[in-house]
Amino acid sequence: MCLLRCLLGHPLGLNVRNVLWHGFMAPQELPKEYAYLLLVIVGSLRKRLNQCSAVPGEETFNPLYAPSGLPFKLLHRRYLSLEGDSMAVFPDVAESELDTVKHLFRHSTFILPSMVPVWLAAVETVQEKRSGEALALLLPCMEHSLRIVFAHVNGCPERAITAETTVLYTTFDEILSPHLPDGSPNRLKEEIGTSKLEMLLDILVHPEGPKLRAKISHGEVDFSCVPQAFANHVLCMAIAFCAQYTLQSELTMSAIVSRCLAVEEQYVSLFHPISLLKKELLQLVTNLDQWKQITDSPDEHSTTTDQARSSVDAIISHVLQSAQHLEESQIKKALLVKGTTLTPLQDLITLLWQRPLNTLYIPKADLEVVGLLRSIVLNASRSTCQVTMTAGERSGQLKRMELRARQRSNYDRLLSSVAVYHQAMVVVVLLMCESVSHLPLDSGCDQGHIKFLKKVLQFSENFNSLTSPAKNRWAEATTLCHTLFDLDTRHMTSHMTRHQTHDQSHD
């Protein structure tokens, strides 16, 4: 145990694990004897642990120890899975293009000469489809090079290649932080640009992102099961960084380099909460699109739909005022369509996200609002799925004549209420779009909007509960929708009054 602590675990020891994983050490700086020693230690652990299992009384309180006389069995937690579908952003690096990548790595000042062999070994593992090993090489190398850039632009060259025993290491946590420990701004963003910083935050930091370095370095992922898309993604990021720090005379603008730089220039965060909100909002609209399969009689609810439509019209007008970055004709084309069909809603979401929304280091208050919006959308999506599922089941039972009189009456109430539910979901979608247009928040005047959104969240939770298969309380859900329409109308009226008062005071 003391040997392991000296070798791996203590800052005052060799601390080989942290020094290597954080990219402080070049290959020639670590004698191979240390690797041999680790192999011997790991190989001897089983025998030592079996000896520990026979210690009298230990098995009564320590779950690691097997009962006396039985062989030791170490329980491993399940590996975490990585889904590569979300990483299909960069082009695939063809095997024929890897020589170009190696040439770039050899000539880029982003990579110190002592680290070039590791980078080239990473390319070889990508070529051999060993994605886990490729990430285990690429990520520490990226951290090493970015630490040097970070130290240079922030005027602390002493932090570039040293790992002190008395000072916290300069790792990705500090490199990607908006501020330095002394509170001064981190100048890395100015040096590498917003797009590259967004790429790094996506794969390393965002809670709902893959957090690759943490999972790879802590043994939470089975290397043999890492999708090739992750290795390709990080390799393309490395190409973009190396191209930035390569002299024009040495830079070969091959097809792969050009494609990587083109993607990097247009890169938008994949795992920031605002980006996830957009995906979830589009998924809500897709779920809502399935309601067109529900057959109903328009005559039964035409009056109710007209009442609900007034709330939709009010919020359409408000969105027109809020989205000033778009031409009015664009929004009208997306919104002012009879029945507010779903394709225009999808177009509206796309249009509103055309305005550059800052997803880099946004304030905590904005993140809280985005979390509130995502909760609303999540409940609304569940509700739409529940309505679709229940309607489908009841329709099938009706065709097979399996519905009793009470069930038939309940199904009729659902059919007569679908139009109201549809308008309520349209209002929710429009409110989410309108709320996004408020970001970033201004203090003071937006507190009323936040309170309003909390009431909308309460509606979405209650609507989700009333439409669940266990309840199917369609009449109460209809009443709840009308409550949302009234709430929305009052909020819009109050908002317009405040703005008119504000404008008059400035006149």
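**Packing of helix 9 against helix 11**

In helix 9, Lys196, Met199, Leu200 and Ile203 contact His233, Val234, Met237, Ala240, Phe241 and Gln244 of helix 11 (contact: heavy atoms within 4.5 Å; helices: DSSP runs of H or I, at least four residues, numbered from the N terminus). By class, this contact has seven nonpolar, two polar and one charged residues (nonpolar: Ala, Val, Leu, Ile, Met, Phe, Trp, Tyr, Cys and Pro; charged: Asp, Glu, Lys and Arg; polar: the others, Gly among them).

The model is predicted; local features need pLDDT of at least 70, side-chain atom pairs count only at pLDDT 80 or more, and totals for chains, interfaces and linings use all residues. Residues are numbered from 1 along each chain as its sequence is written, and side-chain values use heavy atoms, with hydrogens and water left out.

The axes of helix 9 (residues 194–204) and helix 11 (residues 228–244) come within 11 Å and cross at roughly 150° (axes are lines fitted to C-alpha atoms over the stretch in contact; angles run from 0 to 180 degrees between N-to-C directions). Helix 9 and helix 11 are therefore roughly antiparallel (angles over 145 degrees).

Glu264 lies in helix 12 (residues 255–265). Glu264 is buried, at 11% relative accessible area (buried: under 20%, 1.4 Å probe, protein chains only). Leaving aside residues up to four places away in sequence, Glu264 touches Phe90, Ser195, Lys196, Met199 and Ala240. Of these, Lys196 and Met199 in helix 9 and Ala240 in helix 11 also belong to the contact described above.

The protein has 20 helices and zero strands. Buried residues make up 47% of its 507 residues.

Technical notes. Helices (H or I, at least four residues) and strands (E, at least two) are DSSP runs, numbered from the N terminus. Angles under 35 degrees count as roughly parallel, over 145 as roughly antiparallel, 65 to 115 as roughly perpendicular and the rest as oblique. Buried means under 20% relative accessible area, exposed over 50%, partly exposed in between (1.4 Å probe, protein chains only).
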